[in-house]
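Hello,

Here is the structure we spoke about. My notes on its charged residues and one of its helices follow below.

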Amino acid sequence: MCGFIGYTGAACALDTILDGLSKLEYRGYDVSGLSLLLDGQIETLQGERLPSLTERAALQPQLRQSLCGIGGTRWAPPHGANWESCGVPHATSRLALVHSGILENSRELRELLEGKGYTFQSKSDCEVAAKLLDSLYAGDPVKALAQADSMLEGSYALAVLFVDQPETLYGIGKSSPLAIGLGEGESFLVSDCSALLGHTQKYYALEDGEIACLSPHQVQVLDSEGHLRSKECKTACKDLWKIQKGEYDHFMLKEICEQTSVLTHTLRPRIYKGLPSFEMDALPEDFFTRYTQIHVIACGTAMHAGTLGKDFIETLAHLPVTVSLASEFRFREPVIPKGTLVLAISQSGETTDTLAALSVAKSQGVDTLAMVNVPGSTMAWQADYVLYTHAGPEISVASTKAFMVQVGVLYLVAIEFARAHGRMDDAQARDTLQSLLEAIGSIGQVLNQKELIRQQAKEIAPVESIFYIGRGLDWPMMMEGSLKLKEVTYIHSEAYAAGEFKHGAISLVAPGMPVVALATQQKLIPQMLDNIREISARGGRVLTLCRRSAAIDDEMSKHAILLPDLDDLFMPIPAAVALQLLAYYTAVAKGRDVDTPRNLTKAVTE
Ligand code: F6R
């Protein structure tokens with residue numbers, strides 16, 4: 001993923017662009033750069049993360065004179081490439097260009113341009129687009145952009161500076177967001193309106209093929225022939241401004257705390273007269289009766305949501321569900337029987353492993369459904385059907401609210417499969433949905449225990465290694481809790497099915513060994529309590545997360561977090577919130593870079 005901002009006006013272009021990039025970091029933060037028009041030349045500066053770009057810029061005070069420029073930010077370069085060669089923007093002697101999105105025919109265009117004598121330093125699409133435009137430019141930016149647009153395939157947005165067009169910015173896009181921000185005596189060209197935060201709420205949204213031509217006092221939107229188009233000025237909705245951290249110290253905490261509202265936002269439109277309704281998703285009428293089994297493909301947190309979903313669907317609908325790690329599935333020759341629905345789950349919709357697994361599934365001729373959060377993402381395009389999860393932009397790298405909405409939609413899907421396969425009548429489906437809504441309503445009770453969870457987190461912070469154990473639905477839940485802890489705290493953490501613990505791992509329990517135990521499943525609480533006692537008897541330090549009604553003894557309750565009492569099936573909802581908070585506060589106690597942990601990217605696209 002990548003994002004960009006362009007600026008022209010009376011203010012310092014450098015500061016405005018750096019500020020805009022800081023708001024776009026959730027679209028990628030490994031590589032950033034900017035190009036500024038200054039004294040009839042283009043100055044380009046690139047860095048790794050934004051702080052390094054800012055430091056480099058500070059060493060060149062003359063750059064602050066520029067009033068017009070573009071900047072971009074993106075995830076890590078492909079393996080084996082250095083960030084300099086993949087940097088954004090890409091400049092030639094006559095122009096500089098930033099882009100967002102994906103060019104599908106960049107290989108063909110590269111060959112074409114090589115034939116014309118261009119050489120390439122990188123594999124980046126940005127360089128291809130810049131050199132293509134350079135090859136087409138003969139003094140008329142609009143003509144060159146229109147021509148380039150007719151040759152580029154894929155979904156992309158471009159922002160361009162031409163060395164001989166002072167104070168002017170140009171842009172064009174196809175199937176990828178591009179907006180012009182309208183300020184007083186200044187204007188902005190952005191791939192994402194969040195970059196306009198703090199500058200203006202007024203904007204034009206560009207349609208495919210429209211060409212933006214921006215100078216400080218004039219904004220024009222032209223068609224490919226150069227004719228002026230009239231545009232409706234829009235006002236960025238308040239939600240856009242909510243992308244800021246607001247009162248929260250980190251996006252991760254903000255995103256944990258907004259889970260009640262994102263779940264409601266995602267599920268409410270899919271409930272009609274108390275029953276699941278997927279009308280807004282345009283699924284065929286017979287969709288839920290068509291399949292005899294489901295195969296989930298996903299990575300990381302999304303795979304954990306899928307593993308919980310397996311339990312929901314098997315319990316409610318009695319349909320067999322297989323869950324595969326997309327990174328394994330894609331390299332196997334999987335047997336996918338006829339009548340299988342392959343369900344790809346992904347927040348970003350861009351994860352390479354899941355996309356590749358999806359394509360393996362498609363090659364076998366089965367139906368595919370993508371459950372994704374990012375509208376218009378590649379997975380949404382490639383699958384036969386799509387269910388959007390509507391969590392809004394998830395900025396913290398550690399996924400929290402996106403996981404929660406995946407789980408929420410999986411409950412709905414399970415109920416609908418159960419109805420369609422005659423496992424539930426309408427009354428039962430309504431009751432089950434009602435229990436789901438009550439579970440969502442219980443999230444606040446867990447959030448109210450933040451302080452207690454923060455205290456427990458302080459005890460975990462100094463440890464080097466920890467176990468997370470659970471049974472039944474609590475096992476995949478602990479896989480997710482453990483992943484959350486390790487990614488944001490860098491503490492080694494391992495999730496175990498509690499019943500399996502005594503088959504080997506218990507030998508690691510020595511005095512002081514920390515273990516987090518989740519005990520929410522009514523029918524499995526006696527077995528979990530046995531596990532906890534076994535570990536405590538060997539000197540292990542157990543933090544127990546359990547439903548309020550579990551009969552735990554005084555000793556256990558000294559280190560316990562009590563969760564609301566719900567139907568077993570819905571306990572993952574409050575449990576997830578508690579585990580996310582535990583990971584978050586442990587990371588804070590360790591002084592970690594909570595929202596952007598080392599070595600991780602929001603979308604693993606290489
Ligand atoms: C963990 C996390 C990752 C992602 C995984 C898949 O917090 O975010 O494990 O879940 O990389 O990403 P998506 O869902 O975008 O396919």
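Asp-281 has a relative accessibility of 12%, so it counts as buried. Please keep in mind that the model is predicted.

Asp-281 pairs with Arg-270 in a salt bridge, with 2.8 Å between the closest N and O atoms. Asp-281 sits in the loop between β16 (275–276) and α9 (287–290) and Arg-270 in the loop between α8 (259–267) and β15 (271–272), so the bridge ties together parts eleven residues apart in sequence. Arg-270 is buried as well, because its relative accessible area is 0%.

The salt bridge count comes to 22. Another of them joins the side chains of Arg-290 and Asp-367, at 3.1 Å from N to O. Arg-290 belongs to helix α9 and Asp-367 to strand β20 (residues 367–372), so this pair ties together parts 77 residues apart in sequence. Arg-290 is partly exposed at 30% relative accessible area, and Asp-367 is partly exposed at 23%.

Glu-480 and Lys-484 also form a salt bridge (2.8 Å, N to O). Both lie in helix α18 (residues 474–489), four residues apart, or about one turn of the helix. Both Glu-480 and Lys-484 are buried. A network of salt bridges links Glu-207, Glu-210, Arg-229 and Lys-231.

Glu-104 is in the loop between β6 (95–103) and α3 (106–115).

In α3, the residues Ser-106, Leu-109, Arg-110 and Leu-113 are buried. They cover an arc of only 105° around the axis, which means they lie on the same side of α3. The face turned away from that buried side carries the exposed residues Arg-107, Glu-111 and Gly-115.

Regards

Key: Residues are numbered from 1 along each chain as its sequence is written. This is a predicted model: local features need pLDDT of at least 70, side-chain atom pairs count only at pLDDT 80 or more; totals for chains, interfaces and linings use all residues. Side-chain values use heavy atoms; hydrogens and water are left out. Helices (H or I, at least four residues) and strands (E, at least two) are DSSP runs, numbered from the N terminus. Buried means under 20% relative accessible area, exposed over 50%, partly exposed in between (1.4 Å probe, protein chains only). The arc is that of the directions from the helix axis to the C-beta atoms. A salt bridge is a side-chain nitrogen of Lys or Arg within 4 Å of a carboxyl oxygen of Asp or Glu.
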